[in-house]
Amino acid sequence: MGTAFLRQLQQEFKGYNGQKLAKDLMAGLTVAAVALPLALAFGVSAGATAACGLVTAIVAGLIISALTGGYYQISGPTGAMAAILGSLIATYGMQGMFVATFLAGALLILAAVLHLGNLTAFVPAPVITGFTSGIAVIIAMGQIDNFFGTHSEGASAIAKIISYKDLGFHPDIATTLIALFVVLLMVFFPKKWNAVVPASLIGIIIATAATMILKLDVATVGEIPKTLMLPDRLSPAQIDWNTVPALLAPAFSIAVLNMLESLLCGASAGRATGVKLNNDQELFAQGVGNMVLPMFGGIPATAALARTSVAVRSGAQTRLTGIFHAVGLLIMMFLLAPVIQNVPLAGLAGVLMVTAWRMNEWHAIKYMFSHRFKGAMAKFIVTMICTIVFDLTVAIVVGVGLGLILMVARLSKLQINYERVDMSRIKNNDEALSERYRNAMVAYITGPLIFANIDTIEQLTERVGTCDTLLLSMRGVPYIDISAAQALMDILRSLHENGVDIVLCGLPSSAMNMMHRSGIYDMVGEQGFYWSVERALLDLRPYTGKK
């Protein structure tokens, strides 16, 4: 992995000059402008603080960008990660979250060493779409308080919604108007202008200015420390070591989500740039970054598709883009701290509401539902519900499990098509052959012969009827298990005893191997096997059925 990384760096910076440096700098500053409101918002939505989100974006931008497996990857706090942190922080506190993040980083490094990056390819697309939509719902539900200026209680988003029944729901007009303004601005802001200055940043600037000038009584971000070492950070003295075993499950969830987000982000950006992501190196970078972040007081980070896309569109040349974006955020933190602390939470809630809506893969959702792909729809809905009701780990396990069950069900289907032999179709004029196979039938078998479709195999006995010869075309049989082999042997023996001559044709090597191992080959005899049905029909083989 180390040698490959050095080669990657050498190739990346080959021919690097002042012109490329200028492109990296401008791309980095552009990404920083996009990342600032998102970092603040995701810090708040995670149940931490805006300062926590900002520090995460800076530290992740410096460390992960330096080690990343793809120069275009921009890492930081994300909505998906923030969505699973709310209940974690509510249950175990910030120290518990720091420990889980550190453990997740260790798991990511282990995944890199074991070359597990390609495992994400085994997660079906509808499952990814489902948990993405589930996370979007959690984000939106978690921002209702900040959006409307209300109060709720509970560790999970669902619990908070239910608490309104007892606590009441009383929106604050000023808070709601600020949130709606940001939402409308982001929705209707011209796309060509958004490419220059992100609408989310403009919305936050206007909302903050209005809050300060009009002295609105709304909740704000609060103090932004002028230091990367936040007061509340990983401290061994404050860790409740009895809870560490319980934190392994959320740590696993964080690691899995990081793998999915980072590698999928890299795959998308890799297609756009033509430079493939080094999966193992990316997981190593994410692991190191997430082990370091708790020491600064940050939340888990992952590669962010929105910021990565901006970097690519802005002309990023090397990994310096990510580092410049972090430096830009650091400068903003030191220079604009007095202003940032007045950012209204309602404005950030508006940003998150729009972000949650846009997180949904609407094109994929519309495609699967409009074309009525029932299996994909089931995986999407089940995964989304599990994400909202339980957590990401349960959602992925259930979604992938359902996908495997549906796949096995489809792949286990066995088709047998029957056809009476017509010698004229193979342009044969030999009267002896025509007479020999005058009362013959071909059964074309497609699919694996396994325990689940023995009933279909048993139909052979019924469909043969009065035919005296049965040719089994098994070119489409990739696999035969022991249950099906035993059932097939009994069927062939029964047919033979009833006067039917048995011929097996076109078996793949794996199926032929099972014929030998199961004893069917010895029972039928070498003379009963042919490379193809056509070759069998051109052989004037003696009738071997019992009369």
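Q: Hi! Which residues form the nonpolar patch on the surface?
A: L62, M212, I213, L214, V327, I331, F334, L335, L336 and V339 form it, and together they have about 900 Å² of accessible area. This is a predicted model, where local features need pLDDT of at least 70 and side-chain atom pairs count only at pLDDT 80 or more, while totals for chains, interfaces and linings use all residues. Residues are numbered from 1 along each chain as its sequence is written, and side-chain values use heavy atoms, with hydrogens and water left out.

Q: Which elements give two or more residues to that nonpolar patch?
A: Those are helix 10 (199–213) and helix 14 (320–340). Helix 14 gives the most, with 6 residues. Helices here are DSSP runs of H or I with at least four residues, strands are runs of E with at least two, and both are numbered from the N terminus.

Q: And what makes something a patch?
A: Patch residues have over 30% relative accessible area and no salt bridge; like charges are joined within 9 Å, and nonpolar side chains (Val, Leu, Ile, Met, Phe, Trp, Tyr) within 5 Å. The accessible areas come from the Shrake-Rupley method with a 1.4 Å probe, and for residues only the protein chains shown count as cover.

Q: Take I213, then. Is I213 buried or exposed?
A: I213 sits in helix 10, and it counts as exposed because its relative accessibility is 67%. Buried means under 20% relative accessible area, exposed means over 50%, and partly exposed is in between (1.4 Å probe, protein chains only).

Q: Changing topic: what volume does the second largest pocket have?
A: About 780 Å³. The lining has 40 residues, and the closest to the pocket's centre are A83, G86, S87, A155 and S156.

Q: Which helix gives the most to the lining of that pocket?
A: Helix 4, with 11 residues. Among the helices that each supply at least two lining residues are helix 2 (18–45), helix 4 (79–113), helix 7 (157–167) and helix 11 (248–273).

Q: How many of the lining residues are nonpolar, polar and charged?
A: The lining of the second largest pocket has 22 nonpolar, 15 polar and 3 charged residues. Ala, Val, Leu, Ile, Met, Phe, Trp, Tyr, Cys and Pro count as nonpolar, Asp, Glu, Lys and Arg as charged, and the others, Gly among them, as polar.

Q: What counts as a pocket, by the way?
A: On a 1 Å grid over the protein atoms alone, a pocket is an open set of points with protein on both sides within 12 Å along at least five of seven lines, and lining residues have an atom within 4 Å of a point. Grid points are joined across faces, edges and corners, and a volume is the space filled by probe spheres set on the points.

Q: OK, how many salt bridges does the structure hold?
A: It holds 5 salt bridges, each a side-chain nitrogen of Lys or Arg within 4 Å of a carboxyl oxygen of Asp or Glu. One of them joins the side chains of R319 and E12 at 2.8 Å, N to O. R319 lies in the loop between helix 13 (305–313) and helix 14, and E12 lies in helix 1 (residues 2–12), so the pair ties together parts 307 residues apart in sequence.

Q: Are R319 and E12 buried or exposed?
A: Both are buried.

Q: What parts does the D501 and R541 pair tie together?
A: The side chains of D501 and R541 meet in a salt bridge at 3.0 Å, N to O. D501 is in strand 6 (residues 501–505) and R541 is in the segment after helix 25 (533–537), so the pair ties together parts that are 40 residues apart in sequence. Salt bridges that share partners join R436, D501 and R541 into one network. D501 counts as buried at 0% relative accessibility, and R541 is buried too, with a relative accessible area of 5%.

How values were computed:
1 Å grid on protein atoms, 1.4 Å probe; cavity = no way out; pocket = protein on both sides within 12 Å on 5 of 7 lines; lining within 4 Å.
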